[in-house]
Amino acid sequence: MDRISVAQPKLAGNERKYVLDCLDTNWISSNGKYITAFEKSFAEFCGVKHAIATNNGTTALHLALVALGLEPGDEVIVPTVTYIATANAVRYCGATPVLVDVCQETMNIDPRDIERKITSRTRGIIPVHLYGHPADMEAVNRVASKHGLWVVEDAAEAHGAEVLGRKVGGLGTCATFSFFGNKIVTTGEGGMVTTNNDELAAKLRLLRGQGMDPQRRYWFPVVGYNYRMTNIQAAIGLAQMEMIDKALSDRGTLANWYNDALAGMQNKILLPRQEPWAKQVYWMYTIFLRYGDGADRDAVMGALDEAGIETRPVFHPMHVLPPYKEDAAYPTADLWAQRGINLPTHQDLTRDDVQRIAASLERALA
Ligand SMILES: *Cc1c(COP(=O)(O)O)cnc(C)c1O
């Protein structure tokens, strides 16, 4: 039987046509019509004024933090369960990621744990919309405005997710996205910063292009970076944006198939939750074992692997990884991250595939 991969890109639209256009016209570097078209289309999709494309999601995060003026000695609040790029970007600025615990239902930042971690050095908060479910932005923004902090949404895993009908990307001071090959929208490697703030957008553009003065060529008023996206990446991205509504509806359908197929196993596993105020976009359909530890989880994943089904463990919390190791307890992350499994989530899965995954999972749980 064919192996089922945990994620794979869907390149079913104009990707090939637009990339060949780049090659045929010689516009292969970081100037060209696809960059502006992709940025415009992404900004419109998110309902924001500005979108600034970068070469990956990690540089998008770093660029945002530099543009916000983050400096050595500063602190930034980060959920302990995330992909490591979130914490690393803070460290690249010489600042300190201050970890907070997560909510069990969504593995997103726990707003109740933020306030007690705020000090005189705290500059901002990076809520992460983990696995496609938006963080509780109302609560995060409430704490942020009370303490005069900026908010950077790490929306790398949540293109199209919504809070109370408003899309992520425009819910904080700015937001960052990733277009890595396994993300909901891909450009191979790529990233984006979105914002409604004109001044911040100008700063992001300046810093992305080595800091060159837009009015004066080869005049560099600041130290910038080369974090530019290529026209070829943007060509793929534009084609992806033409199909994003289908990408999101396919993922919604897949989640419904999983919900049906796994409904009878809920004495053993928790199914992914969608808060009443949220639209979750299922970057990764994620289940949690109700009982057991990391070894039990790994055994289930091993059994699925033997059945030809690739899965992924939920991220190790930052506070157990060597660069960010702490002895402090983060009770929800400590208990639940080790019980989490990302099931295959991509657009080429069929209802039969989901039945096969469910049957294998049932055997693995027995
Ligand atoms: C993928 C991801 C990133 C980084 O994106 P890259 O494009 O791989 O650099 C950052 N944060 C989160 C939460 C991610 O999932």
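Visitor: Which elements are included in what covers the buried residues of H4?

Guide: This is a predicted model, and in it the buried residues of helix H4 are Ala85, Thr86, Ala87, Asn88, Ala89 and Val90. What lies over these residues includes helix H3 (57–67), together with strands S2, S3 and S5 (150–154).

Visitor: Why is helix H4 described as largely enclosed by the rest of the structure?

Guide: A residue counts as buried when its relative accessible area is under 20%. Helix H4 spans residues 85–92, and because the buried residues make up most of that stretch, the helix is largely enclosed by the rest of the structure, the count being six of the eight residues.

Visitor: Which residue just after H4 takes a positive phi, and of about what value?

Guide: The place to look is just after helix H4, where a glycine has a phi on the positive side. The residue is Gly94, and its phi is about 75°.

Visitor: In which sense do S2 and S3 pair, and what is the bridge partner of Val76?

Guide: Strand S2 covers residues 75–79, and strand S3, residues 96–100, is mostly covered, with four of its five residues buried. S2 and S3 are joined by five bridges, and the sense of their pairing is parallel. Within S3, the residue that partners Val76 is Pro97.

Visitor: How many disulfides does the model have?

Guide: A disulfide needs two cysteine sulfur atoms within 2.5 Å. The sulfur of Cys93 has its closest cysteine sulfur in Cys174, at 12 Å, which is too far for a bond, and for Cys174 the closest is likewise that of Cys93. Cys93 counts as buried at 9% relative accessibility, and Cys174 is buried at 0%. The number of disulfides is zero.

Visitor: Is Gly165 buried or exposed, and how far is it from His62 in space?

Guide: Gly165 sits in the loop between strand S6 (162–163) and strand S7 (166–167). With a relative accessible area of 60%, Gly165 is exposed. Gly165 and His62 are separated by 103 residues in sequence, and the distance in space between their C-alpha atoms is 28 Å.

Visitor: What is the order of the four-strand sheet, and which helix lies across S12, S13 and S14?

Guide: The four strands form an open sheet with antiparallel pairing, in the order S10-S12-S14-S13. S10 (269–270) and S13 (312–313) each have a single partner strand, so they stand at the edges. Strand S12 (residues 285–289) is joined to strand S14 (residues 340–343) by four bridges, with Gly340 in S14 as the bridge partner of Phe288. The helix that lies across S12, S13 and S14, at about 20° to S14, is H9 (residues 294–306).

Visitor: What is the handedness of the crossing of H2 and H7?

Guide: Helix H2 (residues 33–46) packs against helix H7 (residues 231–242) at an angle of about 35°, and their axes are 8 Å apart. Among the residues that meet are Tyr34, Phe38 and Phe42 in H2 and Ala234, Leu238 and Met241 in H7. By class, this contact between H2 and H7 has 10 nonpolar residues, three polar and one charged. The crossing of H2 and H7 is left-handed.

Visitor: And what is the handedness of the crossing in which H8 passes H11?

Guide: The axes of helix H8 (residues 244–262) and helix H11 (residues 351–365) come within 10 Å and cross at roughly 35°. The contact is made by residues including Leu254, Trp257 and Tyr258 of H8 and Val354, Ile357 and Leu361 of H11. Nine nonpolar, one polar and two charged residues make up the contact of H8 with H11. The crossing of H8 and H11 is right-handed.

Technical notes
Residues are numbered from 1 along each chain as its sequence is written. This is a predicted model: local features need pLDDT of at least 70, side-chain atom pairs count only at pLDDT 80 or more; totals for chains, interfaces and linings use all residues. Side-chain values use heavy atoms; hydrogens and water are left out. Buried means under 20% relative accessible area, exposed over 50%, partly exposed in between (1.4 Å probe, protein chains only). Axes are lines fitted to C-alpha atoms, for helices over the stretch in contact, and angles run from 0 to 180 degrees between N-to-C directions. Helices (H or I, at least four residues) and strands (E, at least two) are DSSP runs, numbered from the N terminus. A crossing is left-handed if the near helix is turned anticlockwise from the far one by less than a right angle, and right-handed if clockwise. Contact means heavy atoms within 4.5 Å. Ala, Val, Leu, Ile, Met, Phe, Trp, Tyr, Cys and Pro count as nonpolar, Asp, Glu, Lys and Arg as charged, and the others, Gly among them, as polar. Two strands pair if DSSP finds at least two bridges between them.
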